[in-house]
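Here's a quick tour of a two-chain complex, written for someone who likes cut-offs spelled out. Have a look at the model first, then read on.

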Amino acid sequence: MTVRFLLDDMMVELADVDPTATLLDHLRYRMRRTGTKEGCAEGDCGACTVLVGDLDSTRDAVTWRAVNACILFLPMLHGKALLTVESLAKGGVLTPLQTCMAENGSSQCGFCTPGFVMSLHGRSIGAVGHTLPVADVIAGNLCRCTGYGPILAAGESIGPEPHDDAALVARLKALAETDTVSGSFGNRKWFIPRNPAALADLLSEYPDARLVAGATDVGLWVTKGLQTIDTLVFLGDIPELARIEDTPEGLTIGATVRYADAHDAFARLHPDLGELTRRLGGLQIRNAGTIGGNIANGSPIGDGPPAFIALGATLTVRGVDGRRTMPLEDYFIAYGKQDLRPGEFVESLHIPRPGPHDIVHISKLTRRFDSDITAVCGALKLTVHDDKITNARVAFGGMAATPKRATGCEAALTNQPFTLATIQTAMDALRTDYAPLTDVRGSAPYRIEAAANLLLRLWYKSQGETVSVLDLESAGA
Amino acid sequence: MPDHAPKPSNPHDSARLHVTGAALYVDDVGEPGDMLHLAFGQSSEANARITAIDLAAVRAAPGIVAVFTAADIPGANNVSPVAKDDLLLADGEVLYVGQPVFLVAATSQRAARAAARLGTIYYEPRPASLTIDAARKAKSEIEPTQRMARGDAPAALVKAQHRLSGSFAMGGQDHFYLEGQVAIATRGEDGQVHILSSTQHPSEIQHLVAHMLDRNSADITVEVRRMGGAFGGKETQAAAFAAAAALVADTTGHPAKFRCDRDDDMIMTGKRHDFAVAYDVGYDDEGRLLALQLRLASRCGATVDLSPAINDRAMFHCDNCYWLPDVEILSERLKTNTVSATAFRGFGGPQGMLAIERIIDDVAAHLSRDPLEVRLANLYAPGRDTTPYGMTVADNIAPPLIAKLRRDARYDARRQDVDAFNARSPIIKKGLALTPVKFGISFTTTHLNQAGALVHVYADGSIQINHGGTEMGQGLHIKIAQIVADVFALPVSQVRITATRTDKVPNTSATAASSGADLNGMAAYNAAMTIRDRLTDFLKRTYDCDDIRFTPEGVVAGTERLTFRDLARKAHMGRISLSATGYYATPGIAYDRAAHKGRPFYYFAYGAALTEVAIDTLTGEHKVLAVDILHDVGRSLNPAIDIGQIEGGFLQGQGWLTTEQLVFDEHGRLLTHSPATYKIPTASDRPRHVTIALWDGANVEPTVNRSKAVGEPPFMLAIAVFSALTQAIAATAPDTRSLPPLDAPATPEAILRAIAGHRT
C-alpha cells in the first residue's frame with residue numbers, strides 16, 4: 001500500500017514505507033526540505049513543528065494542527081495535508097508573520113525559528129488551539145537564545161491570515177479511505193482501520209500488534225529506544241473513537257480524542273480540568289496525544305487519570321466479545337499492568353459532571369509550569385452539604401506505581417465537617433496513604449509534603465484566598 | 001580610530017533565512033550518497049580500567065562500514081584545549097559515564113547508533129568520586145587550590161563588629177543549544193581534510209585534527225557558517241565530533257557526518273560547573289563588609305578542559321561591584337568522575353557573583369536592613385576602587401546606574417507594595433530584589449586577546465568580509481558588516497558576510513568571553529581602513545587633491561564625486577590592491593597568574609536588574625512576575641541585537657537558577673539527559689512585565705565605536721531572581737533574622753525546603 005499525502009499542492013506517494021520512519025527524517029533526508037529541524041527527536045522542543053490538515057467532522061473544512069514531525073510516523077500522514085516552513089513564503093514573499101519575526105529580533109541562532117513560525121502560522125490560520133494565548137500556542141517550542149519576548153510580540157501582532165481550503169477539501173475527500181488500509185515493509189505489517197469493529201478484528205488476528213494513536217510515547221521507543229516494531233495498528237482514522245459526547249450528566253470521550261480537542265469540553269466540566277489540560281505537554285503534544293493513549297499506557301503519573309478518577313470516571317474497553325465497563329481506578333492494577341485482556345482496546349471514558357455541592361480541585365506540580373511531566377498530580381472532589389463532607393474522592397499521580405486513590409484520606413474527610421481541622425486530619429491520613437519514590441522529578445519527602453499541602457490549597461481556595469502564583473496579576477513598574 | 005556615530009538596529013543578517021527555513025546549518029548541507037554516519041560507543045562506568053573490548057557484534061550489525069578504537073588513531077589521541085587529557089577514544093581506562101570508547105561508521109545514523117549499543121566492554125571498576133565532597137575527601141583535583149587575597153582577612157574578621165558564616169550550593173547547567181553537536185569531514189587530495197563543524201573554535205579543531213592525523217595545520221581546513229546556538233558548549237566540546245568525522249573520512253575516503261543525538265549529546269558533553277560556597281564575613285552596623293574569607297569549590301569533572309580559567313573567573317567576580325578591604329578567596333578545583341565541566345556563558349563569573357550577592361543578602365538579613373542599602377554601602381568608590389586581584393576599577397558606573405534603575409523602576413514604592421501584599425496574603429508571598437553586575441571583559445589568558453580579519457573589495461564595489469569570529473546567533477556578523485560598511489559609508493547590504501574559515505583567517509581564538517565584536521570588529525575595521533587609506537591615496541594622486549571623503553552619497557575627491565562601484569573599478573584598473581588583512585590585539589592587559597595579581601581585563605561591563613517574584617508556600621512553586629533591566633553596552637554597535645542578548649541572557653540565567661536541574665545517580669549516570677527531564681525556560685516563564693533599557697554612556701577605553709561586550713554579562717542579571725526568591729521565602733517568617741537556606745536551582749522542592757529551614 002502506498003502512503004499518500006498532500007504537501008503544498010503536490011501529491012506525495014510513498015511505496016514501501018517503513019511504518020516507523022519519521023516524517024522529520026523523510027522531509028530532511030529524502031525530500032531535502034531541511035527547514036524543519038531536529039532539536040531533540042522526542043517531541044519536547046518543537047523545532048520540527050509542521051502543520052497537518054485533515055477533514056473535520058463536517059467534512060467541509062480542514063482542521064489544521066501543529067505537530068512534531070520527529071515522532072510522526074509516515075503512515076499517520078496517509079490521506080492528510082502537510083505544510084512545512086518551506087510552504088509559507090510563496091515566490092519568496094514572506095508572510096506577515098515571517099516579516100515581523102525577521103524584523104523584530106525573533107531569531108538569534110535561528111535553529112528553533114522554523115518551529116515557532118509554524119506554531120504561530122497555525123494560530124493565524126485557525127489551527128486547533130488558535131484561541132489560546134500566544135504563550136500557550138508556543139509552549140511546546142523551546143528557544144535558548146531570545147528569551148521569547150520578540151516571538152511573543154510577533155504572535156500578538158499578527159491577526160488571522162486569509163486562506164482558502166476549498167480546493168484542499170476536495171482533494172482530501174478524494175484521498176479519503178473507507179476500508180482498512182494496510183501495508184507491509186519486509187516482514188513488518190501496519191494497518192489503519194476505519195471503525196472499531198475492524199480494529200477489534202485486527203486485534204484478534206494480531207494480539208501482539210502495537211496500537212499507535214498519537215505516537216507521543218511509542219515515537220520515543222523508536223527514536224530513542226531504537227526499537228523495531230513488527231506490527232502496528234494506527235488509530236488516527238476511526239471517527240467513532242474520536243467523538244466527544246457532552247451532556248448534562250457528563251462527558252463521554254472516545255479513546256482517540258486528542259487532548260487538544262478535549263480541552264474546551266474539559267474546561268466546561270471544571271476549570272481545573274481545563275487548566276490541567278492546558279499544561280499537559282505543549283500544543284503539539286496535545287494535538288497528537290489521546291485520552292485513551294494516556295490511560296492505556298498505564299503511566300504512574302498520567303496527569304489525566306488522577307483527575308478522571310477523582311471525578312468518578314468509568315472506562316469502557318472493547319474486544320471481539322463485547323465491552324466491559326469499570327471504574328477507571330480499577331483499570332490500573334500495578335506498575336505496567338492494566339486490566340486489558342488480549343484483543344481488547346480502550347474504547348471510551350465517561351466522566352460524570354460535578355454537581356453544585358461538589359468542590360473540585362486539581363493541581364499539577366512540576367518544576368516548569370508548561371510542558372513538563374508531573375512530580376505530583378493531585379485531584380480532589382469533596383461533596384459538601386451544609387458544611388459537611390458527604391463524599392470524598394481523592395486521587396494522586398506520581399505518588400505510587402499507578403494513579404491511585406487516597407483511601408485513608410478519603411475516610412478522614414467523609415462525613416466530617418468541612419473545616420480546617422478536618423483538612424489537617426486528612427493531611428495526616430494522606431501521608432500514610434502513599435509511599436512514593438524519589439526520582440528526578442522530586443524526592444519522596446517532597447512528594448508527600450506537597451501532596452498533603454494540596455488539601456490546604458483546596459481549603460484556602462474555598463476561603464477565597466489566592467492559592468496559585470499563576471493567579472496573580474502582572475506586577476512591575 | 002572608529003567614529004562614535006549611533007549605529008542602526010539592523011536585523012540579524014540571517015533573519016530572513018531563519019524565518020523561511022533557508023538558513024543552512026551543518027546537517028542541512030546535501031549528503032553525498034556514500035556518506036557515512038557516526039556514533040560513539042560509550043562507557044557505562046564512572047571510573048574503571050578497561051580489560052577487554054569485544055566489538056564482534058558491532059562489526060556484524062547491519063550497515064556497519066568501519067569500527068575504530070584508540071589503536072586506530074594515527075596521531076595524537078587528544079581533543080583537549082590545553083592539558084591533552086581529553087581522549088578522542090578511551091585508551092585502557094574510562095573516567096566518566098558516557099566517555100567515548102569506540103567509534104562506529106555506518107550507512108545511516110540509525111544503524112550507527114544501534115550498533116554502538118552492541119559493544120561489550122569489560123571493566124575493572126574503581127572507586128569513583130562523583131561529587132565535590134567525595135573528590136575533596138579523595139584529594140582529587142585538577143590543579144592545586146588557588147588563593148587570591150589582599151590584606152589579612154583572618155585578623156580583620158576577628159576585629160569586625162559583626163561576623164557570620166554560611167554556605168550554599170549551586171547547580172550546573174546544560175547548554176541546550178537547539179542544534180546538537182555536528183560535523184562533516186571530507187577528504188581532499190594529498191592528505192587534506194575539510195571539516196564543516198558547528199564550533200566556536202575552528203582553529204582549535206584544525207590543530208587537534210592535524211595532530212590526530214599526523215599532518216600539518218595547513219592540511220586541515222575548518223569552516224563554520226553558523227551554529228544553532230552554542231553558549232560556550234561548542235568552544236571545546238565540538239572537537240570530539242569533528243575529530244571523529246575527520247578520522248573516518250581520512251581513513252575510509254567517504255565523507256563522514258557525526259550528528260549527535262540529543263540524549264547522547266547531553267550525556268557526553270560538558271556543562272556549567274556546579275559550585276559549593278562557604279564564607280566567613282565580618283561587617284559593621286551599616287552592613288559594610290570589613291573582612292571576607294570565601295571558599296569556592298567546583299566540580300570540574302574528569303579532565304582539565306578549561307576549568308582553571310573558569311574557576312579563575314569565578315574568583316575574579318566574587319567582588320562583583322563591591323569593595324572587599326581584607327579578603328581571602330580560596331578556589332578548589334575538584335576532579336570528579338563525571339563529564340568534564342566546560343565553558344558556559346559567564347565562564348565561572350556567575351558562580352562567583354552569586355556567592356557575593358548571597359553574602360550581601362545574608363548580612364542584610366542579620367541586620368534587618370534592606371539588601372539594596374547594604375549593596376549601596378559596599379559599592380566601589382574613590383579610594384575604595386581596587387579589586388582583590390589589584391586592578392583599579394577605572395570605569396565604575398555602578399552607583400549612578402543602580403540609582404537610575406532604582407528610580408525608574410520604582411524600587412522603594414514597590415518594596416512597600418510587596419510588604420503590604422505579604423502582610424495580607426497567607427499562602428502566596430512576594431519578593432523583590434535589585435542586584436548589579438560588573439563583568440570583566442577580556443580573555444584572562446592574555447595571549448588569546450588577538451584577532452584577524454580579511455576584507456576584499458571586488459571590482460564591482462561589493463565587499464566580502466571574513467574574520468576569525470563565529471556566528472552562533474549573537475549577531476556578530478551583522479555588527480561587523482556594519483563596521484566595515486561604515487568605513488566606506490556604504491549600505492550594509494553591500495557587504496557580504498561569509499563563513500568563518502581557517503584558510504582565510506588563521507590562528508584565531510575561540511569566539512568566547514563576549515569578545516567577538518571587540519576583537520574581530522576592530523580587526524575588520526583595521527582591514528577596511530587599510531583599503532580605504534589605499535583608495536584615498538589613489539584618489540589624491542588621480543584627482544590631485546587633498547579633500548577625500550567617503551559619504552553615503554558617494555566618494556568625494558575635491559570637486560569630483562563618484563560612486564564606490566566606479567571607484568573600485570578605477571582603483572582596480574589603477575592596480576591598487578583591494579584586499580587587506582586586519583589585526584588587533586587588546587592593549588594594556590597583563591596578569592600574573594601565580595600571584596593572582598594584575599590587570600586581566602580591558603574594561604568592565606555593568607548592568608542591574610530589579611525583579612519581583614512570587615512563591616507558593618504550600619507547593620514551592622514560583623513565578624517571576626516582573627523584571628526591569630538597565631544595562632551597559634557602551635555606545636551600542638546595534639541596539640536591537642544588544643537588547644536581544646540582554647533579554648536572552650537574563651532568561652537563560654533565570655533558568656540556571658530556577659528550573660534547570662542536573663541530576664546524576666549514585667553510579668554517575670546523568671538522569672536528566674533529555675528535554676523531558678531537563679527543563680529550560682519556556683515562553684510563559686518569561687516575566688509578563690519586562691523592560692530593558694541601555695545605559696547611556698561610552699566605553700572609557702577606545703574600543704570599536706566605544707562599545708562594550710554584551711554576550712555574557714546579562715546572564716548574571718538573573719541573580720536578582722534568586723535574591724528575590726530568597727526575600728519571598730524570608731517573608732514566611734519575617735521576624736527571623738537569618739537568610740533562608742536556599743540552594744540553586746530554586747526548584748519547588750528547594751523552595752519548600754528553604755521555607756521549612758527558615759521557619760525552624
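Chain A splits into domain 1 (3-170), domain 2 (241-352) and domain 3 (358-474), with bounds that come from an automatic or database domain assignment. The centres of domain 2 of chain A and domain 3 of chain A, taken over C-alpha atoms, sit 21 Å apart. Their contact draws 22 residues from domain 2 of chain A and 25 residues from domain 3 of chain A, where two residues are in contact if their C-beta atoms, placed from the backbone, lie within 7 Å.

On the side of domain 2 of chain A that touches domain 3 of chain A, the elements giving two or more residues are α10 (271-278), α13 (304-310) and β14 (332-334) of chain A. Helices (H or I, at least four residues) and strands (E, at least two) are DSSP runs, numbered from the N terminus. The largest share of that side, five residues, belongs to α13(A). By class, the side of domain 2 of chain A that touches domain 3 of chain A has 13 nonpolar, five polar and four charged residues; here Ala, Val, Leu, Ile, Met, Phe, Trp, Tyr, Cys and Pro count as nonpolar, Asp, Glu, Lys and Arg as charged, and the others, Gly among them, as polar.

A bit of housekeeping: this is a predicted model, in which local features need pLDDT of at least 70 and side-chain atom pairs count only at pLDDT 80 or more, while totals for chains, interfaces and linings use all residues. Residues are numbered from 1 along each chain as its sequence is written, and chains are lettered from A and ligands numbered from 1 in the order in which they are written.

How confident is the predictor? The complex gets an ipTM of 0.98 and a pTM of 0.98. Chain B averages a pLDDT of 97, and 99% of the residues score at least 70; pLDDT is the predictor's confidence in each residue, from 0 to 100.

Now for the interface between the chains. Here 81 residues of chain B are in contact with 73 residues of chain A. Elements giving two or more residues to the chain B side include α1 (15-20), α3 (109-116), β27 (603-616), β28 (622-631) and α17 (639-657) of chain B. The largest share of that side, seven residues, comes from α17(B). The side of chain B that touches chain A divides into 33 nonpolar, 26 polar and 22 charged residues.

Here are the two chains by the numbers. A residue is buried if 20 or more other C-beta atoms lie within 10 Å of its own, exposed if 12 or fewer, and partly exposed in between, with C-beta atoms placed from the backbone.

| Chain | Secondary structure | Span along principal axes | Buried residues |
|---|---|---|---|
| Chain A | 17 helices and 21 strands | roughly 70 × 65 × 40 Å | 58% of the 477 residues |
| Chain B | 19 helices and 29 strands | about 80 × 80 × 50 Å | 63% of the 760 residues |

Among contacts with a separation of 6 or more, residues 24 or more positions apart account for 66% in chain A and 80% in chain B. Chain B has a radius of gyration of 27 Å, close to the 27 Å that the globule rule gives for 760 residues, so it is as compact as a globular protein of that length. The radius of gyration is taken over C-alpha atoms, and the globule rule is 2.2 Å times the number of residues to the power 0.38.

Inside chain B, helix α9 (residues 307-316) is largely enclosed by the rest of the structure, because 10 of its 10 residues are buried. The buried residues of α9(B) include B:Ile310, B:Asp312, B:Arg313 and B:Phe316. Their cover includes β7 (141-150), β14 (289-301) and α10 (349-367) of chain B.

The largest nonpolar core has 406 residues, and B:Ala183 is one of those with the most contacts inside it. Such a core is a set of buried Ala, Val, Leu, Ile, Met, Phe, Trp, Tyr and Cys residues joined through C-beta atoms within 7 Å. Not counting residues up to four places away in sequence, B:Ala183 touches residues including B:Val26, B:Ile195, B:Phe241 and B:Phe258.

Finally, two loop residues. A:Val320 is in the loop between β12 (314-319) and β13 (322-327) of chain A, and is partly exposed, with 13 other C-beta atoms within 10 Å. The C-alpha atoms of A:Val320 and A:Ala200 are 5.4 Å apart, though 120 residues separate them along the chain. B:Asp743 lies in the loop between α18 (719-730) and α19 of chain B and counts as partly exposed, with 17 C-beta neighbours inside 10 Å.
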